[in-house]
Amino acid sequence: MIREKPVVSDIAELYRHNGQTVTLRGWVYHLRSSGKVRFLVLRDGTGLAQAVLVKGNLPEEDFQEFERLTLESSVALTGLVKAEPRAPGGYELEATGLTPIHIAQDYPISPKEHGVAFLMDRRHLWLRSPRQQAILRVRDEVCRACRDFFHDRGFVLVDTPILTPTACEGTTSLFETDYLDRGKAYLSQSGQLYLEAAAMALGRVYCFGPTFRAEKSKTRRHLTEFWMVEAEAAFYTLEDVMELAESLVRTVVLRVLEHQEARLHLLERDIAPLAAVAEPFPRLSYAQALEHLKEHGKEMAWGDDLGGDEETVISQLFPRPVLVHRYPQEAKAFYMEPDPEDPRLALCVDMLAPEGYGEIVGGSQRIADLDTLLARIREHHLPEEPLEWYLDLRRYGSVPHGGFGMGIERLVAWICGLHHVRETIPFPRLLDRIYP
Ligand code: 4AD
Ligand code: MG
């Protein structure tokens with residue numbers, strides 16, 4: 001007898017097939033027996049669906065196969081789709097066929113509580129859990145929203161190199177490698193310097209890629225490999241940079257709320273602090289930030305950068321992200337334009353996410369004048385020769401320009417309400433971890 005092969009469906013698409021027979025393929029999420037009825041909850045990455053196996057409704061040998069199944073075994077399941085409001089996803093399968101693909105060994109991760117180290121060692125399996133899937137889908141939405149944001153505003157994607165001859169963000173966090181027989185190279189700490197060159201060619205540009213910092217700090221905000229989206233535009237002032245960064249964060253967060261609210265619910269994320277991005281973000285000068293810190297018992301010397309603790313305090317004072325601008329030059333990177341009103345200050349901005357999350361964006365207007373830039377490079381003891389090309393940008397039609405970088409993991413951690421950035425990237429690289 002020739003039987004027509006049932007259509008293969010994603011679980012998320014079951015609603016399209018109500019009353020039809022379909023095949024689902026995936027992994028066993030839950031098993032239960034009750035008298036002559038067997039229940040199998042299947043996951044396929046798009047959702048969860050329950051199948052009901054009733055003796056007699058499917059070939060006896062298929063029915064017997066159920067007894068061999070273990071958690072995370074892979075199977076193909078065929079059955080009739082029925083609307084069932086009580087079932088996860090709203091649809092259920094009346095099974096007419098069950099084919100195991102692979103019977104899993106004893107799966108090490110159970111719904112009971114495991115320690116983070118145990119789970120991180122099994123990160124390759126932990127990714128299968130509903131929470132981790134939800135986080136990765138939010139991350140995917142965030143990345144696409146960033147790309148769309150820049151595309152919609154006429155920014156051109158420019159891929160900047162990962163192997164570089166110099167530091168961008170200070171020499172203490174450089175990953176060093178041998179570059180064939182040409183000496184040392186460093187993994188990129190930021191695409192910014194190259195983006196500045198591209199901005200002089202294309203006007204408005206952005207890059208989006210992996211970024212490396214040999215951070216000696218073991219904090220909930222630091223990875224050694226993270227993803228940064230960076231924008232750079234010719235003729236942008238600090239004011240333009242702040243507006244663009246604010247607009248990016250607002251657009252991305254609102255888009256996640258629009259498209260991924262169900263994932264945020266699964267993560268038990270309170271939506272209210274995210275929805276608050278719709279209103280303008282408060283702006284504070286560095287000097288005002290110091291006053292706030294003093295009021296809250298965190299006195300700081302003028303000239304120091306805000307550390308994690310200080311950022312936490314400031315970011316708890318406001319219900320939405322805050323822009324802290326005009327830090328002292330000495331606290332920041334070499335390329336920042338001095339404030340003409342007070343040259344001790346840099347025309348720079350950090351955006352701090354609320355609820356104690358701290359810095360998610362760092363940016364500035366860049367030094368446009370050749371001599372000022374040269375002086376800075378020398379003060380920072382940076383080698384001039386590998387930066388000659390960067391100096392050229394100040395020799396041939398230099399213009400005011402600026403941009404910023406946003407850390408994807410820090411933004412995702414805040415959006416998902418996670419304590420630590422390690423769960424926001426599929427395979428985190430940390431001070432003490434490079435496995436799996
Ligand atoms: O403030 P940063 O160091 O700025 C730059 O690299 C500039 N060159 C960007 C630019 O203007 N084009 O880094 C920018 C952002 C931070 O605000 C933070 O969100 C993230 O990158 N970030 C990290 N995220 C995770 N782990 C780390 N070790 C990070 N270091 C920075
Ligand atoms: Mg910074």
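This is a predicted model: local features need pLDDT of at least 70, side-chain atom pairs count only at pLDDT 80 or more; totals for chains, interfaces and linings use all residues.
Visitor: OK, back to the ligand. Which residues come nearest to ligand 1?
Guide: E169, Q192, R213, E230 and E359 do, out of 23 around ligand 1. To be near, a residue needs a heavy atom within 4 Å.

Visitor: Which strands supply at least two residues of that shell?
Guide: β12 (225–234), β18 (358–365) and β19 (401–407). The largest share, 5 residues, is from β18. Those labels are DSSP runs counted from the N terminus: strands (E) have at least two residues and helices (H or I) at least four.

Visitor: And the backbone? How far is L223 from a nitrogen atom of ligand 1?
Guide: A backbone N or O atom of L223 is 2.9 Å from that nitrogen. I360 also has a backbone N or O atom 2.9 Å away, this time from an oxygen atom of the ligand. A polar backbone atom of G362 lies 3.5 Å from a ligand oxygen.

Visitor: How much of ligand 1 does the protein cover?
Guide: 94% of the 630 Å² of accessible area (Shrake-Rupley, 1.4 Å probe) that ligand 1 has on its own.

Visitor: So where does ligand 1 sit?
Guide: In the largest pocket, meaning more than half of its atoms lie within 2 Å of the pocket's grid points. A pocket, on a 1 Å grid over the protein atoms alone, is an open set of points with protein on both sides within 12 Å along at least five of seven lines, and lining residues have an atom within 4 Å of a point.

Visitor: How much space is in that largest pocket?
Guide: About 1200 Å³. It has 48 lining residues, and E169, R213, E215, D305 and E359 are the closest to its centre. Helices α10 (308–317) and α13 (408–416) are among the elements giving two or more residues to this lining, but β18 gives the largest share, 5 residues. By class, the lining has 17 nonpolar, 16 polar and 15 charged residues.

Visitor: What about the second largest pocket, how much space lies there?
Guide: About 780 Å³. Of its 26 lining residues, I109, S110, P111, W126 and S129 are the closest to the centre. They divide into 12 nonpolar, 7 polar and 7 charged.

Visitor: New topic: how many cavities of 30 Å³ or more are there?
Guide: The count is 2. In a cavity, a 1.4 Å probe fits but cannot get out. The largest has about 60 Å³ of space, and its lining includes T164, C168, Y194 and W389.

Visitor: How many charged residues line that one?
Guide: None; the lining has 5 nonpolar and 5 polar residues. The second largest cavity, about 50 Å³, has 4 nonpolar, 1 polar and 3 charged residues in its lining. R220, R221 and R410 are among the residues lining the second largest cavity.

Methods:
Residues are numbered from 1 along each chain as its sequence is written. Chains are lettered from A and ligands numbered from 1 in the order in which they are written. Side-chain values use heavy atoms; hydrogens and water are left out. A polar contact is a pair of N or O atoms within 3.5 Å; within protein, one must be able to donate a hydrogen and the other to accept it, and residues adjacent in sequence count only if both atoms are side-chain atoms. Grid points are joined across faces, edges and corners, and a volume is the space filled by probe spheres set on the points. Ala, Val, Leu, Ile, Met, Phe, Trp, Tyr, Cys and Pro count as nonpolar, Asp, Glu, Lys and Arg as charged, and the others, Gly among them, as polar.
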